[in-house]
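User: Please go through this structure with me in questions and answers, giving the cut-off behind each term as it comes up.

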Protein chains: 2
Amino acid sequence: MNKATSIAPSERTQVRRIAENADYERATLYAIIDDAYLCHVAFADDKGSHCIPTACWREENYLYIHAANPSRLAKILVNGASACVAITHLDGLVLARAAFNHSMNYRSAMIYGVFERVEDEHKAASMAAFMDKLALGRQQQARPGNRAELAGTTVMRIALTEAACKVRSGGPNDDEEDMAFDVWTGVLPFTRQTLAPIAHESNTQAAPDYVRNWYQSK
Amino acid sequence: MNKATSIAPSERTQVRRIAENADYERATLYAIIDDAYLCHVAFADDKGSHCIPTACWREENYLYIHAANPSRLAKILVNGASACVAITHLDGLVLARAAFNHSMNYRSAMIYGVFERVEDEHKAASMAAFMDKLALGRQQQARPGNRAELAGTTVMRIALTEAACKVRSGGPNDDEEDMAFDVWTGVLPFTRQTLAPIAHESNTQAAPDYVRNWYQSK
């Protein structure tokens, strides 16, 4: 493991199940986050555990999320709650000869830690980075967030210091004794496919680059 | 709300943020689960909160998952841990005239409760139901799970009794005062797209229906 490019596993991020799929490279983690529009955040309160899907983006070595100030997510996470963030891209179904050896191809990331509040002076820049992820260039076209809107939004970030990835790709791993079993074996892949943009009925503007390139680009 | 077809919200499943997107219909919940190959399960132990992606399937009014016996997931969940299961399908980016009104289209489900162990006599049938979801008909072709494989697998289920969905579709909701803002507005949709099946190099069999129909069917 190269200390400059990888993240040392902690007790919580040391992959134990199918450990050969573990990946502690920072580049892998960044790629998985950057390819995701949303993450799932786990935390607990006096009502039990919660698993909340929310939009996410990355700036340097932090994962960012945002929420309305009155939301449970905003109120609990910036108050020191132990959090775990998961991002999972499913890439295919892996059909092996034995039922037991069936699997899935995936790229998954898990981040442990505590969120911190992004202070007011950095909030607008963080939301701009989020917009750049969604639609590069739109930041300069849309009506920017005003004071009240920004004030009503909590932006939070979690450091990518206690994190690990798990990645599976390729075909099935059949056992030697199953090889004579007569059944199709291979992968049924899928991907996130962009579809044709749908202009709103009130739209009057020509499609900018990030709209025109949407359908072809992914 | 029709009591026969919907699920009464609990304190934990009453949607509070953007409550007009709440959906408590059982049919919506079932459709979201049936369209998902994986869920994220949140639970907590003495090391903090965890958010674990895992394959899921549905039988009647239960969501099922499975895990190797020695895994943390299996050990903790069948011992009464408070769990929250989330499934989120992301359908598109919603580009509004104001940065603040940007959104995403999604279909999400959240289930609260405690998992119970599926006892040995029902395990094989549950795993068969899982296989039917992945590839209908393969159950009769693949080498079935043997005694040791089944014995090493924990199958768990959670009742769909404390659950809610949240669904957003359609275009942006612009504010009246932003309508004169000259910027493209609409939806950038995506979908889970199947790709051409990849037979393993060791494969000798013709593609069965669930393989031949994979690329066209979704």
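User: Is A:Ile18 buried or exposed?
Analyst: The model is a predicted one, in which local features need pLDDT of at least 70, side-chain atom pairs count only at pLDDT 80 or more, and totals for chains, interfaces and linings use all residues. Residues are numbered from 1 along each chain as its sequence is written, while chains are lettered from A and ligands numbered from 1 in the order in which they are written. A residue is called buried if 20 or more other C-beta atoms, placed from the backbone, lie within 10 Å of its own, exposed if 12 or fewer do, and partly exposed in between. Because A:Ile18 has 12 other C-beta atoms within 10 Å, A:Ile18 is exposed.

User: What is the phi of A:Ile18, and where is this residue found?
Analyst: Most residues other than glycine have a negative phi. A:Ile18 is not a glycine, yet its phi is positive, at about 50°. A:Ile18 is found in the segment before β1 (22–23) of chain A, where strands (E, at least two residues) and helices (H or I, at least four) are DSSP runs numbered from the N terminus.

User: Is B:Lys166 buried or exposed, and which residues does B:Lys166 touch?
Analyst: B:Lys166 is found in strand β10 (residues 162–168) of chain B, and B:Lys166 counts as buried, with 21 C-beta neighbours inside 10 Å. Contact requires that the C-beta atoms of two residues, placed from the backbone, lie within 7 Å. Not counting residues up to four places away in sequence, B:Lys166 touches B:Val15, B:Asn21, B:Ala22, B:Asp23 and B:Ser108.

User: Which element supplies the largest share of the side of chain B that touches chain A?
Analyst: The contact takes 77 residues from chain B and 77 residues from chain A. On the side of chain B that touches chain A, the elements that each supply at least two residues include β2 (38–45), α3 (120–134) and β11 (186–194). The largest share, nine residues, comes from β11(B).

User: In β11(B), which residue is the bridge partner of A:Ile198?
Analyst: Two strands pair if DSSP finds at least two bridges between them. Strand β12 (residues 198–199) of chain A pairs with β11(B) in the antiparallel sense over two bridges. Within β11(B), the bridge partner of A:Ile198 is B:Val187.

User: What rotation superposes chain B on chain A?
Analyst: The copies are superposed by least squares on the C-alpha atoms of residues with pLDDT of at least 70 in both. With 0.0 Å of shift along the axis and an RMSD of 0.0 Å, the rotation that superposes chain B on chain A is 180°. The two copies are thus related as by a two-fold rotation axis.
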